[in-house]
Amino acid sequence: MRRTTLWAATALTAAAASGAQAEDLTLCWAAWDPANALVELSKEFEAQSGHTMNFEFVPWPNFADRMLNELNSGGKLCDLLIGDSQWIGGGAENGHYVKLNDFFEAEGISMDDFAPATVYAYSTWPKGTPNYYALPAMGDANGWFYRKDWFTDPEIMAAYKEATGDDLREPQTQQELLQIAQFFQGREIDGQTRYGAAIFTERGSEGITMGATGALYTFGFKYENEPGSYDMEGAVNSPEAVAGLEFYKELYKTATPPGYTDSYMEQGLDAFKSGQVAMAMNWFAFFPGLYADPTTGGDKIDFFVNPPQNQAASTLGGQGISVVAYSDKQDAALEYIKWFAQPDVQAKWWALGGYSAHNSVLNDPGFPDSAPFAGDFLLAMENVQDFWQEPAYAELLLAMQKRLHDYIVADVGTAQEALDKLIEDWTETFEDEGKL
């Protein structure tokens with residue numbers, strides 16, 4: 001403690017000598033386990049810089065509305081914002097985020113030092129161009145976890161072999177995942193009725209889209225025939241996309257807990273931790289906490305990457321960290337970006353429970369064995385796909401939420417009709433945006 005105090009005092013003296021002013025910075029993000037890890041990590045920045053870090057963490061169901069309202073009103077609450085990948089287009093085009101190219105060049109920060117998928121998804125606008133509005137902060141994807149103790153139970157293994165003719169194992173395809181989930185559906189284990197899988201079905205924000213795309217992408221769904229073309233006919237509603245959507249509905253109808261009509265992150269975690277389900281999808285961000293859980297973690301849990309069907313694919317999560325254009329403390333906020341980009345800080349970020357996107361961490365020979373889910377995380381990030389990152393993303397997302405939930409949960413129409421109507425919705429939005 002004395003050493004930290006001395007370090008901070010030295011930093012303050014250095015700041016004063018250089019004419020720099022100690023600032024109170026506010027970093028805004030969602031309220032979840034990685035945010036707590038970032039608070040701990042940021043103590044080092046406070047000690048080195050003399051700045052004080054404050055944090056505004058908003059629960060996920062309210063995060064987008066709260067932060068996008070803040071940005072759209074030109075609010076000064078946030079100096080730094082770890083915003084969702086889908087916000088990067090609006091953040092850039094609407095002037096909410098500071099463009100970081102000149103700063104990166106001046107400070108020797110190279111985007112080549114970060115995983116390409118995260119730079120593309122979290123930092124660039126227009127997509128694929130070297131125009132950077134964020135530093136990759138939190139790599140993430142939708143993955144899976146399961147009750148390893150059930151999968152390795154001799155009686156359950158024998159019952160599965162008898163029922164299916166296959167060995168019970170981590171699923172290698174989406175269809176095998178469905179078969180396993182259906183096997184566990186309604187099965188009695190240790191005197192309790194269990195169910196197959198906890199998946200995302202929530203309609204209000206982004207849940208069912210983030211869940212269903214995990215299946216859709218692996219079957220062959222695409223947003224456009226050619227990137228940047230907005231040519232959606234035959235991509236969004238291709239035969240493969242229809243098959244993927246029908247698959248996700250069957251998974252929901254035949255292998256999820258009763259009443260599971262509006263569930264997302266927290267409900268899925270609760271279903272698994274309470275012993276309701278054999279498997280669950282959720283973001284890798286939650287996996288450190290799941291492994292540490294005293295009841296269903298440790299030897300009772302294991303993890304696997306989203307299984308392929310026609311191709312390997314995972315739904316992208318994660319965020320970049322941006323400097324908010326309305327902040328009066330941009331210089332101090334940029335200091336934080338510079339500090340956070342350092343390889344040694346990125347290594348500590350991973351160790352504390354954050355997901356670094358820095359190549360020095362991900363390419364370390366020891367990384368795959370550094371956590372039970374680290375290798376799966378690397379596999380997921382090789383084949384991630386993301387939702388539209390257009391400035392009108394919120395309107396595009398609401399349309400997909402409605403079409404998917406109506407078909408999957410409410411039994412409205414066919415998969416083909418749902419995707420055809422989705423193209424109509426999106427076409428109208430892009431016409432309003434002048435993109436078509």
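How many disulfides does a search of the whole structure find? The search finds one disulfide, a disulfide being a pair of cysteine sulfur atoms within 2.5 Å. The structure is a predicted model, in which local features need pLDDT of at least 70 and side-chain atom pairs count only at pLDDT 80 or more, whereas totals for chains, interfaces and linings use all residues. Residues are numbered from 1 along each chain as its sequence is written, and side-chain values use heavy atoms, with hydrogens and water left out.

The disulfide is formed by Cys28 and Cys78, with an S to S distance of 2.0 Å. The link of Cys28 and Cys78 is left-handed, with -95 degrees about the S-S bond. Distant parts of the chain are linked by this pair: Cys28 belongs to strand E1 (residues 24–30), while Cys78 sits in the loop between helix H3 (60–72) and strand E3 (80–84), and the two are 50 residues apart. Helices (H or I, at least four residues) and strands (E, at least two) are DSSP runs, numbered from the N terminus. Cys28 counts as buried because its relative accessibility is 0%. Cys78 is likewise buried, at 3% relative accessibility. Here buried means under 20% relative accessible area, exposed means over 50%, and partly exposed lies in between (1.4 Å probe, protein chains only).

For the chain as a whole, the secondary structure comprises 19 helices and 11 strands. Along the principal axes, the C-alpha atoms fill a box of roughly 75 × 55 × 35 Å. Of the 436 residues in the chain, 55% are buried. Among contacts in the chain with a separation of 6 or more, 74% involve residues 24 or more positions apart; contact means heavy atoms within 4.5 Å.

The chain exposes about 17,800 Å², and carbon and sulfur atoms supply 48% of this area. Accessible areas come from the Shrake-Rupley method with a 1.4 Å probe, and for residues only the protein chains shown count as cover. The side chains include 26 positive and 64 negative ones, and the centres of the two sets lie 4 Å apart. Lys and Arg count as positive and Asp and Glu as negative, with His and the chain ends not counted. The place of each charge is taken as NZ of Lys, CZ of Arg, CG of Asp or CD of Glu.

Backbone geometry was examined next. Most residues other than glycine have a negative phi, and most peptide bonds are trans. The peptide bond from Trp125 to Pro126 is cis, with omega near -10 degrees. Pro126 is placed in the loop between helix H6 (116–122) and strand E4 (135–147). Asp190, although not a glycine, has a positive phi of about 55 degrees. This residue lies in the loop between strand E5 (188–189) and strand E6 (192–193), and Asp190 is exposed, with a relative accessible area of 66%. A positive phi of about 60 degrees is found at Asp411, which is not a glycine either. Asp411 is in the loop between helix H18 (393–408) and helix H19 (415–432) and is partly exposed, with a relative accessible area of 44%.

Further loop positions were considered individually. Asp293 lies between helix H13 (287–292) and strand E9 (301–304) and is buried, at 15% relative accessibility. Not counting residues up to four places away in sequence, Asp293 touches Lys273 and Gly298. Asp293 and Phe430 are separated by 137 residues in sequence and by 45 Å in space, C-alpha to C-alpha.

Pro368 occupies the loop between helix H16 (359–362) and helix H17 (374–382) and counts as partly exposed at 36% relative accessibility. With residues up to four places away in sequence not counted, Pro368 touches Ala374, Gly375 and Leu378. The C-alpha atoms of Pro368 and Leu378 are 7.7 Å apart, and the two residues are 10 residues apart along the chain.

Asp166 is located in the loop between helix H8 (154–164) and helix H9 (174–184). Asp166 is partly exposed, with a relative accessible area of 35%. Neighbours within four places in sequence aside, Asp166 is in contact with Tyr160, Lys161 and Gln179. Asp166 and Ile180, 14 residues apart along the chain, have C-alpha atoms separated by 9.9 Å.
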